[in-house]
Amino acid sequence: MGSSPFSMRSLLALLLLVVQLTSALKFDLAATSGKTERCIRNFVSKDQLVVVTAIVSGQKGDGQRVNMHIKDAIGNDHGRPRDIVGEVRQAFTAPADTAFDVCLDNQLVGRNNVANPYREIDLDVEIGADARDWSSIQAQEKLKPVETDLRRLEEMVADIVTEMDYLRAREQRLRDTNESTNERVKWFAFGTMGMLVGLGAWQVVYLRAYFRSKHLI
């Protein structure tokens, strides 16, 4: 008996859930008179697509101003949307294997009747295959829903394999560094021991010569 389309799609949905590369957060961001950022850090591989979507509650003119800053660990800025209300989306392609931060701050720019003003933030960070517009791809290439799910799953698995290869290479570099350090420490210990033995032998010879010159032995 063949598998039904429903069961196939359910299996694909489960697999997609397991390998999901999406970070979704929902939190409240209190308004402050100074600049107090809340940052979320993610790691990305070179040439991977990153889409950051933020949905901010409230309305302009309520005395609060939410700003977002996206930056990576090597000094690149990838967006600085200001005074966000509603939905804002920022996309960029990672220039290298690096970490990136999505920082938000809520500045209190006016007074209202609310005792502790805050904004609700719904933040989604999509990386790699999950960041692509699969609805548009399905429409352009005239794919069936199952074919679209398979394409998405294939690309997500490829992203995971790439990340695993990066982690393996990084672990290899760390292991090589550790082995090199251990080798240097070993030879340094041997050298120190040789110097101590040589110094002890020199002291014995010197003392014997000294005592003989004094006719003590």
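1. Nonpolar surface patch. Leu 199, Trp 202, Tyr 206, Leu 207, Tyr 210, Phe 211 and Leu 216 together make a nonpolar surface patch of about 740 Å². A patch is built from residues with over 30% relative accessible area and no salt bridge, nonpolar side chains (Val, Leu, Ile, Met, Phe, Trp, Tyr) being joined within 5 Å and like charges within 9 Å. Leu 199 lies in helix α3, which covers residues 145-213. With a relative accessible area of 44%, Leu 199 is partly exposed; the classes are buried under 20%, exposed over 50% and partly exposed in between, for a 1.4 Å probe and protein chains only.

2. Basis of the values. The model is predicted, so local features need pLDDT of at least 70 and side-chain atom pairs count only at pLDDT 80 or more, whereas totals for chains, interfaces and linings use all residues. Residues are numbered from 1 along each chain as its sequence is written, and side-chain values use heavy atoms, with hydrogens and water left out.

3. Overall architecture. The chain contains 3 helices and 8 strands, assigned as DSSP runs (helices H or I, at least four residues; strands E, at least two) and numbered from the N terminus. Along the sequence these elements follow the pattern α-β-β-β-β-β-β-β-β-α-α.

4. Burial, contacts and surface. Of the 217 residues, 28% count as buried. Contacts (heavy atoms within 4.5 Å) between residues at least 6 apart in sequence join residues at least 24 apart in 75% of cases. The accessible surface of the chain is about 14600 Å², and carbon and sulfur atoms account for 56% of that area; the areas come from the Shrake-Rupley method with a 1.4 Å probe, and for residues only the protein chains shown count as cover.

5. Four-stranded sheet. An open sheet is formed by 4 strands in the order β2-β7-β4-β5, with antiparallel pairing. Its edge strands are β2 (37-44) and β5 (77-79), each of which pairs on one side only. From one strand to the next the twist averages 25°, where axes are lines fitted to C-alpha atoms (for helices over the stretch in contact) and angles run from 0 to 180 degrees between N-to-C directions. Strand β4 (residues 64-72) and β5 are joined by 2 bridges in the antiparallel sense; strands count as paired if DSSP finds at least two bridges between them. Lys 71 stands opposite Asp 77 of β5.

6. Salt bridge at Asp 77. The whole structure holds 7 salt bridges, each defined by a side-chain nitrogen of Lys or Arg within 4 Å of a carboxyl oxygen of Asp or Glu. One of them joins the side chains of Asp 77 and Arg 80, at 3.5 Å from N to O. Asp 77 is partly exposed at a relative accessible area of 46%, and Arg 80 is partly exposed with a value of 46%.

7. Arg 168 forms a salt bridge with Asp 165, the closest N and O atoms being 2.7 Å apart. These two residues are 3 apart in helix α3, so about one helical turn separates them. Asp 165 is partly exposed, at 39% relative accessibility. In another salt bridge, the side chains of Glu 171 and Arg 175 meet at 2.6 Å, N to O. Glu 171 and Arg 175 are 4 residues apart in helix α3 and are therefore separated by about one helical turn. Glu 171 is partly exposed at 39% relative accessibility, and Arg 175 is partly exposed with a relative accessible area of 32%.
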